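Reader: Hey, I'm new to this one. Can you walk me through its pockets?

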Amino acid sequence: MTLTDLNPRRGLDYLTQLAECYNRQANADKNEIALRTEEFINGRLEKIDAELGSTEDALENYKRRHSVVELKMDATQTLQMSSQYETRLAESKAQTQLLKYLREFIDKPGNQYKIIPSNVGMTDAASTMLIATYNQTVQERNRLMKAASEQSPQVQALTETLDDLQSSIRTALTQARHSAEIQQRNIQNQFDKYQNRISSTPEQERVLNQIGRQQEVKSGLYLLLLQKREENSISLAATANKGKMIDEPQFNGKVSPKNAIILLAALVVGFAVPFAILWLLQLLRFRIEGHDDVARMTMLPIVADIPVASDSVKSSAGIVVQADKNNQIDEIFRSLRTNVQFMMKEKEQVILFTSSISGEGKTFVAANLAMSFSLLGKKVILCGLDIRKPALGKLFGIKDRQKGISTLLNKDMLKESDVFDQIVSSGVNENLDLLMAGPTPPNPTELLARENLPQVLNLLKQHYDYIILDTAPVGLVADTMQIARYANVCCYLLRADYTPKTNMELINSLSKSGKMPNLCLILNGVDMSKKKYGYYYGYGKYGKYGRYGYGRYGKYGYGRYGYGNYGNYGNYGNYGNYGNYANSHYGNKNDDSIKR
């Protein structure tokens, strides 16, 4: 007998089984009594199996209906859960009473404009935050009341704020108490449920014992019938076969498919799948990852790629540029300083820093660039014009947040002495001063639109060589658009693995419309510890900056900027020497100024 099959092993088994079926049929004719017995046993087994299944289903349904797994363990667990819910019920009642006490304290007329008790164990985050804000405002009002009357505009503004906060606190406490009462009812229901389960345990034990006895009887009968069936099967197996297989089935070789076709298809799939995965990964990368991403999406100059600095070079003020240092991070900020100087004409002094969203590092880069200018012996002032969310005070560790430019913008008559009263020393270099944002006003956009801002900048130009403006993100508020009119260079911060690529459309539109003059880009936060940046940043050398000689910046000497006002960009060709840093001090692999 021969057989062609898709599976060789299946074909061999089929031929073998054919012979076995022949012998089985022959033996069946000779063992009709044994087969009748087996049929009877199988029928009884099916019936008992059904009855046993019904018993097991009854046991399962009873356990599921009464949520019982193992009676003793469930009883112990029920007692534990009852105790836990009793404790939680007491805590919930205490929380409700605490909210009631706080509401009574606030409703008393004698407690108006007084500190509300806080940190008393209240778990509602919204009420706790509102009470903390209210207490802070009360303290600020009390400080103003020492030097001003209640009719003072500032005191009246704080009083109105306190009234609004008091109303919000009442509402928050009411909602928190309502939520606490709901939670208390839920806990009470759970506690009652476990109490009921404790009382029903004896009845459950009796029912489970009845079902268990039925299951034990039927299981014994089922095992007895299984034994008898095996004995009958042994008697059937003892019957001699009528036929005998002379030769075992043999495999004569594969007919199809062809190996060459399979290998070719595997090769095609092996190349197609990785390329498809790489294409999909590239499609899902919606954030800027490096210099090449920025260069593909804009024609604006990229004046620096700033890597992530290691903690070992950061000072207490977050400054990584230090005097008498010549490591990689210092040289990168020197390069940024030189590039910005090339973009400025003679006697231009104002440099503006902005970004699309918060967290892209504009304050950090602006502070370190200011430090780099001050190390040249230049008088530099760093102005915090992000008055909505000031960050200079936190960066330089200055606790006095009352001094700042918002105070100057509020004045009707501005004097030179008023300006210099608001300036504080940076504490990191004698040539670097700070003009912080000051108290946050309710109308920042209107303040920045007043004529006081250009007056302040003109006064600062008389005493400082460079004025660096740290402004709000241009993608969030309109404040920066008003300030950009007074800047000579606008530095736009992007952050690797953070800034969405869609923000490049906003940057290009700002450049095309001329709303931000002399715009350039800075890529911040390049993490050199990630291997994906290694292909163009190199290890221990400024391989990236080597492209400035013949790449984007080098072409400015002969491109469309070569014969206009931007002809000086041709000098960027000097940065081509950075590619040789691998053989100098900067090629030192022990330099730990950059995170690797």
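Reader: How much space lies in the second largest pocket?

Author: About 730 Å³. It is lined by 27 residues, and Thr2, Leu3, Leu12, Leu15 and Gln250 lie nearest its centre.

Reader: And what volume does the largest pocket have?

Author: About 1,100 Å³. Of its 24 lining residues, Glu140, Leu158, Gln402, Pro439 and Thr440 are the closest to the centre.

Reader: Which element gives the largest share of that lining?

Author: Helix 4, with seven residues. Helices here are DSSP runs (H or I, at least four residues), numbered from the N terminus.

Reader: Switching topic, how far is the model trusted?

Author: It's a predicted model: local features need pLDDT of at least 70 and side-chain atom pairs 80 or more, while totals for chains, interfaces and linings use all residues. Residues are numbered from 1 along each chain as its sequence is written, and side-chain values use heavy atoms, without hydrogens and water. Mean pLDDT (the predictor's confidence in each residue, from 0 to 100) is 77, and 78% of residues reach 70 or more.

Reader: Where does pLDDT stay under 50?

Author: Over residues 534–586. Where pLDDT is low, the predicted coordinates should not be read in detail.

Key. On a 1 Å grid over the protein atoms alone, a cavity is a set of points where a 1.4 Å probe fits but cannot get out, and a pocket is an open set with protein on both sides within 12 Å along at least five of seven lines; lining residues have an atom within 4 Å of a point. Grid points are joined across faces, edges and corners, and a volume is the space filled by probe spheres set on the points. Helices (H or I, at least four residues) and strands (E, at least two) are DSSP runs, numbered from the N terminus. Contact means heavy atoms within 4.5 Å.
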